[in-house]
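Ready for a few exercises on helices and how they pack? Have a go at each task before reading its solution.

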Amino acid sequence: MRVLITGVGGFVGLRLARHLLKCGDRVSGTYIGAAPELPAVDLYPADLVDRPALERAVAAAEPDVIINLAGLSHIGDSWREKMPDYFWVNFVGTENLLAVGAGRRVIVVSSADVYGEVPEDHQPIPESRSVSPRSPYAITKAAAERLAFAAGAVVARSFNLIGPGQAPGFVLPSFAAQLAAIARGEREPVLRVGNLSARRDFVHVDDGVAAYRILAEKGEPGTAYNIASGRALSVEEVLHRLMDIAGVSAQIATDPEKFRAVDLPLLRGDASRLRTLGWETRRSVDDALTDLWKEVDSGL
């Protein structure tokens, strides 16, 4: 299978490229900025909002499948940055990708945040649930989904993918970086945190990329698939697990700057539709936290 990954240099893109190579696929990818270190992958500089560059990448790669991982993904930043930036990249960029990928299988990676606030007694959330986005980021992803469905693309609604390689601006890498600095004696043993009560459905990134490959092979066009474990943990519980794995003790102090304008209290997904295609979670939250800490700890 020939697969083109947009955003191949990102957290998930790198893991997906390596997984596909292990499966024997021919892999190519687009990137912006510095080229990622992926010797066995054909790389093309292309921004989602640059349709001619995307056209050149698709023409050169001749993929059977395009998996779109490019875009702006930080929910907190979507409140702080200009909304047009998120709309332009996530919505118009998806429109460009679907146009240049016409006639090919396309996987548009979306987010569980499109569901918005769902009562606990209606969770785990099935794909049949109407979307009700509550953040600027989620609004752009929900809008991109509408384009994807109209074009017959497959939509992957990822819940919280975690593990090594995620940018330090996200919550768990931020915790790990703070714990590492405490372990090095570079800061006082105090963790600055935001809302710890939110409960999320955490999935190891390697289980997530395995789901994308299954969807590339078997996903039904014009259909949404949740990538979720069906279980939810509070951010506080995950933090304490990470501290145990790291062997670092610290006082926890709330930081108003780390709170979001809107933070959904619970997101837990029903991945029954994906499981019928043969997918299952093989790794635990503790596996993901251990892998994350090993990565951070290697820099000590």
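The expected span of a helix is 1.5 Å times one less than its number of residues. Helices (H or I, at least four residues) and strands (E, at least two) are DSSP runs, numbered from the N terminus. We're working with a predicted model, where local features need pLDDT of at least 70, side-chain atom pairs count only at pLDDT 80 or more, and totals for chains, interfaces and linings use all residues. Residues are numbered from 1 along each chain as its sequence is written, and side-chain values use heavy atoms, with hydrogens and water left out.

**Exercise 1. Work out what span to expect for helix 7, and check it against the model.**

Step one: count 14 residues, for which 20 Å is expected at 1.5 Å a residue. Step two: go from the first C-alpha to the last, and you get 20 Å, close to that expectation. Step three: look at burial, where buried means under 20% relative accessible area, exposed over 50%, and partly exposed in between (1.4 Å probe, protein chains only). Twelve of the 14 residues of helix 7 are buried, leaving the helix mostly covered. Among them are Asp206, Asp207 and Arg213.

**Exercise 2. Is helix 6 enclosed or open, and what does it pack against?**

First, the length: the 13 residues should span 18 Å at 1.5 Å a residue, and the end C-alpha atoms of helix 6 are 19 Å apart, which agrees. Second, ten of those 13 residues are buried, so helix 6 is largely enclosed by the rest of the structure. Third, the buried residues of helix 6 pack against strand 7 (160–162), strand 8 (190–193), strand 10 (202–204), helix 8 (235–246) and helix 10 (285–297).

Now zoom in on Gln178, which belongs to helix 6 (residues 171–183). Gln178 counts as buried because its relative accessibility is 7%. Not counting residues up to four places away in sequence, Gln178 touches Arg187, Val190, Leu191 and Arg192.

**Exercise 3. Which class of residue makes up the contact of helix 6 with helix 10?**

Geometry first: axes are lines fitted to C-alpha atoms, for helices over the stretch in contact, and angles run from 0 to 180 degrees between N-to-C directions. Helix 6 and helix 10 pack at about 45°, with axes 10 Å apart. That makes helix 6 oblique to helix 10; angles under 35 degrees count as roughly parallel, over 145 as roughly antiparallel, 65 to 115 as roughly perpendicular and the rest as oblique.

Then the residues: Leu172, Pro173, Ala176, Ala177, Leu179 and Ala180 in helix 6 meet Leu289, Leu292, Trp293 and Val296 in helix 10. Sorted by class, the contact of helix 6 with helix 10 has ten nonpolar, no polar and no charged residues. Here Ala, Val, Leu, Ile, Met, Phe, Trp, Tyr, Cys and Pro count as nonpolar, Asp, Glu, Lys and Arg as charged, and the others, Gly among them, as polar.

Methods: Contact = heavy atoms within 4.5 Å.
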